[in-house]
Amino acid sequence: MITLRNVHSEDLQDLLRIENEAFLKKEAATKEAFEERIQMIPDTFIVAEKNGEIVGYINGPVIQQPYITDDLFKRINRNPEKGGYQSILGVAVDKRARKQGIDKILIRKMEELVKENEREGITLTCKLELVPFYEKLGFANHGISKSQHGGVVWYNMVKMKEDIK
């Protein structure tokens, strides 16, 4: 049974371990970035637990434009109560808990937050090999992102509120 909750500051070490399993060092969020996200956006930093252990997370600030920009990896603001686009800066699952649909559960939770808070939609960037995964979840590929984060080619993926069931 997977349970979801908002992040707590004491989750930091588990979150960093999962982040560093999921992303290359040049792509992974830093400890400082996670500390800022925990403090600034706990309402959109969701942790998945199984049997009391953290097995995954999803996080991102609400932004005013439909695409993620590199400055979000350095500095974020508190989320507005309503409106904007829900960004996803990171979604990751513990390597021991993969292939159980936890990533989809976390994305569905963000979709619920989009509806509850009258957001315009969800936006994220991903590598080419993940484009089909996100398309199956209803995201539209908006092409190559301007993001240079980690020196990688990223694709803009957007799901508008009217496409969220």
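# Close-up views of a predicted model

**View 1. Aromatic pairs.** When rings are paired by centres that lie within 6.5 Å, the count comes to five aromatic pairs. The structure shown in this and the following views is a predicted model. One of the pairs joins F45 and Y57, whose rings are tilted, with 6.0 Å from centre to centre and 45° between the planes. F45 belongs to strand 2 and Y57 to strand 3, so this pair ties together parts that are 12 residues apart in sequence. F45 and Y57 are both buried. Another pair, that of F133 and Y134, is edge-to-face: the centres are 4.9 Å apart and the planes make an angle of 80°. A cluster linked by ring pairs consists of F34, F45 and Y57.

**View 2. The largest nonpolar core.** This core has 24 residues, and I58, Y134 and F139 are those with the most contacts inside it. Two or more residues each are given to the core by strand 2 (45-50), strand 3 (53-59), strand 6 (90-93), helix 3 (102-116), strand 7 (121-126), helix 4 (131-136) and strand 9 (155-160). Helix 3 supplies the largest share of the core, with six residues. Apart from this core lies another one of 14 residues, which includes L16, A29, I54 and A92. In soluble globular proteins, nonpolar side chains tend to be buried together.

**View 3. The surroundings of Y134.** The relative accessibility of Y134 is 6%, which is under 20%, and Y134 therefore counts as buried. With neighbours within four places in sequence left aside, Y134 is in contact with V91, I107, L124, C126, F139 and M157.

View 4. Strand 8 and strand 9 run antiparallel and are joined by three bridges; A140 stands opposite V158 in strand 9.

**View 5. Strand 7 and its partners in the sheet.** Strand 7 is mostly covered, with six of its six residues buried. Both of its faces are covered: G121, T123 and T125 are buried on one side, and I122, L124 and C126 on the other. Strand 5 and strand 7 run parallel, joined by four bridges, and S87 stands opposite T123 in strand 7. Strand 7 and strand 9, in contrast, run antiparallel and are joined by six bridges. L124 stands opposite M157 in strand 9.

**View 6. Strand 3 and the strands paired with it.** Of the seven residues of strand 3, six are buried, and the strand is thus mostly covered. Strand 2 pairs with strand 3 in the antiparallel sense over six bridges, and the bridge partner of A48 in strand 3 is G56. The hairpin of strand 2 and strand 3 has two residues between the strands, and N51 in this hairpin takes a positive phi near 55°. Strand 3 also pairs with strand 6 in the antiparallel sense, over four bridges. Here the bridge partner of G56 in strand 6 is V93.

**View 7. The buried face of helix 1.** Helix 1 (residues 12-22) has L12, L15, L16, I18 and E19 as its buried residues. Seen down the axis of helix 1, these buried residues fall within an arc of 165°, so they line one face of the helix. An α-helix has 3.6 residues a turn, so residues three or four places apart point the same way. The buried residues of helix 1 pack against helix 2 (31-40), strand 2, strand 3 and strand 6.

View 8. D11 is found in the loop between strand 1 (2-6) and helix 1. The relative accessible area of D11 is 5%, under the 20% limit, and D11 is therefore buried. Not counting residues up to four places away in sequence, D11 touches R5, V47 and I54.

Key. Residues numbered from 1 in each chain as written. Predicted model: local features only at pLDDT ≥ 70, side-chain atom pairs only at ≥ 80, totals over all residues. Heavy atoms only, no water. Core = buried A, V, L, I, M, F, W, Y, C linked by side-chain atoms within 4.5 Å. Buried < 20%, exposed > 50% of the residue type's maximum accessible area, 1.4 Å probe, protein only. Contact = heavy atoms within 4.5 Å. Pairing = 2+ DSSP bridges. Arc of directions from axis to C-beta. Phe/Tyr/Trp six-rings, centres within 6.5 Å; stacked < 30°, edge-to-face > 60°.
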